[in-house]
Amino acid sequence: DMRRWSFQLQVYFLSNRFRSHKSITEGSRSVVLDRVIYEDAEIFARNLFEIGNMEERDYNNYVALYNVMTEYLHPPDLLIYLRASMPTLLRQISLRGRDFERSISREYLEQLNRHYERWISHYTKGKVLIIESDNLDYVNRKEDFDRVMAMVSEGLQ
């Protein structure tokens with residue numbers, strides 16, 4: 001029941017990502033995260049609100065909490081955004097073969113993709129590296145992996 005539980009679930013994700021982000025930035029090692037706290041509010045909670053699965057009051061409270069929490073975080077040294085077209089996203093989901101992803105509609109993915117594009121175009125907390133990933137296979141092709149690693153190294157300079 002998404003309407004009933006979306007706020008509670010998003011707060012749970014937010015608190016876990018806050019704890020992880022805080023722990024990482026207070027540590028001395030370099031870390032790569034596949035999801036950042038900013039995505040929770042800017043993409044997923046916003047989408048839940050816009051499609052009617054989160055009440056406006058809950059969404060506004062969530063965003064207020066998110067804003068307070070993120071004031072205390074040091075942003076990533078480099079935010080890497082792997083931009084992909086819809087056909088690429090659908091192919092990657094299919095290749096992963098996760099049962100829970102099979103029921104995700106194309107419309108829902110398109111909504112998330114629009115939110116990601118809007119968010120990344122307005123991200124100002126730090127450096128951003130946008131990698132056009134439609135023609136890359138950095139998992140199976142060493143030359144693509146090396147190319148991505150060179151872009152990341154350059155972005156960290």
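This is a predicted model: local features need pLDDT of at least 70, side-chain atom pairs count only at pLDDT 80 or more; totals for chains, interfaces and linings use all residues.
User: Which residues touch the most other members of the largest nonpolar core?

Analyst: A nonpolar core joins buried nonpolar residues through side-chain atoms within 4.5 Å. In this model the largest such core has 22 residues, and Leu14, Ile37, Tyr38, Tyr62, Tyr66, Leu79 and Trp119 touch the most other members. At least two core residues come from each of helix 1 (2–26), helix 2 (37–50), helix 3 (56–71), strand 1 (79–83) and helix 5 (106–122). Helix 2 gives the largest share, 6 residues.

User: What is Trp119 in contact with, leaving aside its neighbours within four places in sequence?

Analyst: Trp119 is in contact with Val36, Tyr38, Glu39, Glu42, Ile43 and Leu79.

User: Why do the buried residues of helix 6 line one face of the helix?

Analyst: An α-helix has 3.6 residues a turn, so residues three or four places apart point the same way. In helix 6 the buried residues are Asp144, Val148, Val152 and Gly155. Down the axis of helix 6 they fall within an arc of 75 degrees, so they line one face. Strand 1 and strand 2 (128–132) are among what covers them.

User: Which exposed residues does the face turned away from the buried side carry?

Analyst: On helix 6 that face carries Lys142, Glu143 and Glu154.

User: How does the span of helix 6 agree with what its 14 residues should give?

Analyst: At 1.5 Å a residue, helix 6 (residues 142–155) should span 20 Å, and its end C-alpha atoms are 20 Å apart, which agrees.

Note on methods. Residues are numbered from 1 along each chain as its sequence is written. Side-chain values use heavy atoms; hydrogens and water are left out. Buried means under 20% relative accessible area, exposed over 50%, partly exposed in between (1.4 Å probe, protein chains only). Helices (H or I, at least four residues) and strands (E, at least two) are DSSP runs, numbered from the N terminus. Contact means heavy atoms within 4.5 Å. The expected span of a helix is 1.5 Å times one less than its number of residues. The arc is that of the directions from the helix axis to the C-beta atoms.
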